[in-house]
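Subject: Structure handover

Hi,

Here is the structure I promised to pass on. Please open it alongside this message.

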Amino acid sequence: MIEYRVEQPARLDVLCAQAAQASRSQAARWIESGLCTVDGKVQTKPSFKAAAGAALRLQVPEAVESTVEKEDIPLEILYEDEDVAVVVKPCGMVVHPAAGNESGTLVNALLFAMDDLSGIGGVRRPGIVHRLDKDTSGLLMVAKNDAAHQSLSDQLCARTMEKHYLAVVEGCMREESGLVDKPIARSKKDRKKMAVDPEGREALTEWRLLENLQNAALLDVHIMTGRTHQIRVHMQSLHHPVAGDPIYGFKNGVKVPRLMLHAHTLAFDHPRTGERLFFRADPPEAFEKALQKLR
């Protein structure tokens, strides 16, 4: 049990994440499960604003052993030390096991390739700090201990971590760059989709035109927040959905063999040394070939 006296008014998920040294998303799940009280009253809304002086109590479940099996799956590891690793996720690979995808995931591969991963997410040794959609390829960082996981999560929240994507979108762009500042929430019409929603969580996406193509455009996209399907939803809101997107894209858009979204560069401060690390992964062959056909 964690007991915490609120010093300044703040959202409950933010306060719980700070008190438990956990990610904000994990804190939100604890709150929604009824594990948090404010002044003795259970609060189940992560957005609840606790007043200064309020007494917060949080019951943090003990981490359980992962039931995910190790699998010898080829994995491109760009960097690894005792604290962090950076890997390249291929298009088509799910990051974490879930219903319908219990094997063949990135976590299955990580458990085989690495001895230790963090357990701060509630399950020992998952190591996942952020995720990429199944059909998005590219750079993904992994925490190998809880201190590293917390540091990387803090950098995500503070927006000091930089993640840039290459995206091919439908239609040519008239502007050279832009900023999309539109909150995102789960769609009220289709629970499998996300949507721009005034009641959603803040979402910020910067984009810069690299090249106009045949009825398409190649963009450098920098996300400053990490909402589910953020780039895909924001680009759809501009009427320039990501090419090859089966959920948010045009039915008769440009012909490409995959979702044309690739996590291209990643920069963050090393959680132990503070050194700024920078990584780059060029798009895979299928992405490059599709891009060439559109030129």
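Below is what was found in it.

This is a predicted model, where local features need pLDDT of at least 70, side-chain atom pairs count only at pLDDT 80 or more, and totals for chains, interfaces and linings use all residues. Residues are numbered from 1 along each chain as its sequence is written, and side-chain values use heavy atoms, with hydrogens and water left out.

Start with the helix pair. Helices (H or I, at least four residues) and strands (E, at least two) are DSSP runs, numbered from the N terminus. The axes of helix 1 (residues 12–20) and helix 2 (residues 24–32) cross at roughly 110° and come within 8 Å. Axes are lines fitted to C-alpha atoms, for helices over the stretch in contact, and angles run from 0 to 180 degrees between N-to-C directions. The two helices are therefore roughly perpendicular (65 to 115 degrees). Helix 1 contributes Leu 12, Asp 13, Val 14, Cys 16, Ala 17 and Ala 20 to the contact; helix 2 contributes Arg 24, Ala 27, Ala 28, Trp 30 and Ile 31. Contact means heavy atoms within 4.5 Å.

Next, Ser 187. It sits in the loop between strand 12 (184–186) and strand 13 (194–196). Ser 187 is buried, at 10% relative accessible area (buried means under 20%, with a 1.4 Å probe and protein chains only). A polar atom of its side chain lies 3.1 Å from the backbone nitrogen of Asp 190. Leaving aside neighbours within four places in sequence, Ser 187 touches Lys 193, Met 194 and Ala 195.

Last, Leu 75. This residue is in the loop between strand 6 (55–58) and strand 7 (76–80).

Best wishes

Methods:
Parallel < 35°, antiparallel > 145°, perpendicular 65-115°, else oblique. Buried < 20%, exposed > 50% of the residue type's maximum accessible area, 1.4 Å probe, protein only. Polar contact = N/O pair within 3.5 Å; in protein donor to acceptor, adjacent residues only side chain to side chain.
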